[in-house]
Amino acid sequence: MIDAYIPAGLDAAPLLKEKPVRRVTMVETPMSATATIKTIARDAKAPYILLFTRQDSLKLVSYSLERLLQIAADTKAVMLYSDRFITKGGITQPAPVIDYQEGSLRDDFDFGALLLIRRDALRKAAGEMDKDYMAAGLYDLRLRLSRLGRIDHVSEFLYYEIETDLRTSGEKQFDYVDPKNRRSQIEMEDAVTAHLKAVGAYLGPRSFRRINPLEGEFPVEASVVIPCKNRAKTIADAIRSALSQKTDFPFNVIVVDDNSIDGTIDIIRSFADDPRLVYIAQDPSWHAIGGNWNAAIHHPLCGRFAIQLDSDDVYSGTDTVQKFVDAFREQRAAMVIGCYAITDFNGKPLPPFVVEHREWTPGNGRNNALRVNGLGAPRGFWVPLLRELNFPTTKYGEDYALGLRISRHYKIGRIWDVLYNCRRWEGNSDSDLSIEKVNANNYYKDRIRTWELKARQALNSKKAI
């Protein structure tokens, strides 16, 4: 049997018709609040609790609750969630979700709207909640549930959900760094930090290795690295932006082309008269963004510090490279991250305007990095370490994977100035992704987090011996 809890105002009639449902309770307080979770845990009497977490219409596929109960009994999972259909703009389409992993630590992990939770697990988790959150209560709950047992994905379409947010995936991706959400983000950070401590993956704030910013012999002090493929519309802007930098040290610009066929190569070659331009033409095998970065950092003309510039973006001024090198020297960090502005193709500011990634703090940034889906931009790297670690040969998440790996042992420095214009346009690789592509990207980043979680647990275990 099931006790169901739904937001006030939602039509309870569809649930009341379902045979497994013993009772439906309208929840007046936010489902995200700790107080709501604790009230439900005290109130529920049925062996399973059904939470509908969104203020949307509710429509179940026939016998979907019976199916969930079957799987719950077979697997003993503490929580189940399923694929669903989403109606967006009057069009209904399948909306699958992804499997939960140990590294599925994002607070915006998409479970869909419907959660089935074992009452005994809910009560145990709620009974251990020691902080009163307004925004992170549900997040805190599922982190605690994950420590009690398995959170399982039922890869079957069991209900319908209405999507009220009609923005593209590219527009949604900056929500978690929107300043208006800062208070809830602090709550989420607090919850994930407690979880990392509970599972033995927390890293303290004082165990950093420092770099020697003068180590090694390099032909130049810094290299701007621009990987590209089929960017005829934007590559000239990027190269001009890089070559326009003003520094008190020698630098170069390494452009790595991954077999473009749209005229990009001719545009790159048009800058060949500038001796600071280094052009690398990749062979036809698989490279992706990570492989193109590896080609640049292992090139004999690469500098001591490698500074990122994506092929469709530009620096916000002529002092970006200088600020990066100054930060490396002052902070003795192995990686430095700046801030960026969101603009259209012509430089007009777009919401949320400036992305600072304030969640990266000196004391807890490398722990909180396991919760968020990115570390910010532009990024700079200390090449001696980079040549040891290398980028994963992927076209997505390569920078995030490397940032997590670096932060395990080394300090990541910050520059709080806007150094970079991230231009949104229809040709961006992440401007509007299909749900399948979003899922694939998120699943891979969860894998990255899982590997890093394991590595940190092993590191702490070794320290304890």
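Predicted model: local features only at pLDDT ≥ 70, side-chain atom pairs only at ≥ 80, totals over all residues.
**Entry 1: two helices**

I began with helix α2 (residues 34-43) and helix α4 (residues 119-128), which pack at an angle of about 135° with their axes 9 Å apart. Angles over 145 degrees would count as roughly antiparallel and 65 to 115 as roughly perpendicular, so I noted α2 and α4 as oblique to each other. I also looked up the hand of the crossing of α2 and α4, and it is left-handed.

Which residues meet here? From α2 I listed I37, K38, I40, A41 and R42, and from α4 I listed L122, R123 and A126. Sorted by class, this contact has five nonpolar and three charged residues, with no polar ones.

**Entry 2: the cores**

Next I looked for nonpolar cores. The largest has 107 residues, and L145, I226, I239, V253, V255 and I406 are those with the most contacts inside it. Helix α8 (residues 235-243) gives this core its largest share, six residues.

Setting aside neighbours within four places in sequence, I found I406 in contact with A334, M335, F381, L385, L389 and I412. There is also a second, separate core of 26 residues, and I2, L15, Y48 and A113 are among them.

**Entry 3: V321**

I then turned to V321, which sits in helix α11 (residues 320-331). Is V321 buried or exposed? Its relative accessibility is 0%, so I wrote it down as buried. Not counting residues up to four places away in sequence, V321 touches A222, V224, Q245, T247, F249 and Y315. I also checked V321 against R182: they are 139 residues apart along the chain, and their C-alpha atoms are separated by 29 Å.

**Entry 4: backbone details**

A reminder to myself: most residues other than glycine have a negative phi, and most peptide bonds are trans. With that in mind, I collected these cases.

- The peptide bond from P351 to P352 is cis, with omega near 0°; P352 lies in strand β15 (residues 349-355).
- The bond from A377 to P378 is cis, with omega near -5°; I found P378 in the loop between α12 (365-368) and β16 (379-382).
- H357 is not a glycine, yet it has a positive phi of about 55°. H357 lies in the loop between β15 and α12, and it is buried, with a relative accessible area of 4%.
- N390 is another residue other than glycine with a positive phi, near 65°. I placed N390 in the loop between α13 (383-389) and α14 (398-407), where it is partly exposed at 28% relative accessible area.

Notes:
Residues numbered from 1 in each chain as written. Heavy atoms only, no water. Axes fitted to C-alpha atoms, helices over the stretch in contact; angles between N-to-C directions. Helix = DSSP H or I, 4+ residues; strand = E, 2+ residues; numbered from the N terminus. Parallel < 35°, antiparallel > 145°, perpendicular 65-115°, else oblique. Left-handed = near helix turned anticlockwise from the far one by under 90°. Contact = heavy atoms within 4.5 Å. Nonpolar A, V, L, I, M, F, W, Y, C, P; charged D, E, K, R; others polar. Core = buried A, V, L, I, M, F, W, Y, C linked by side-chain atoms within 4.5 Å. Buried < 20%, exposed > 50% of the residue type's maximum accessible area, 1.4 Å probe, protein only.
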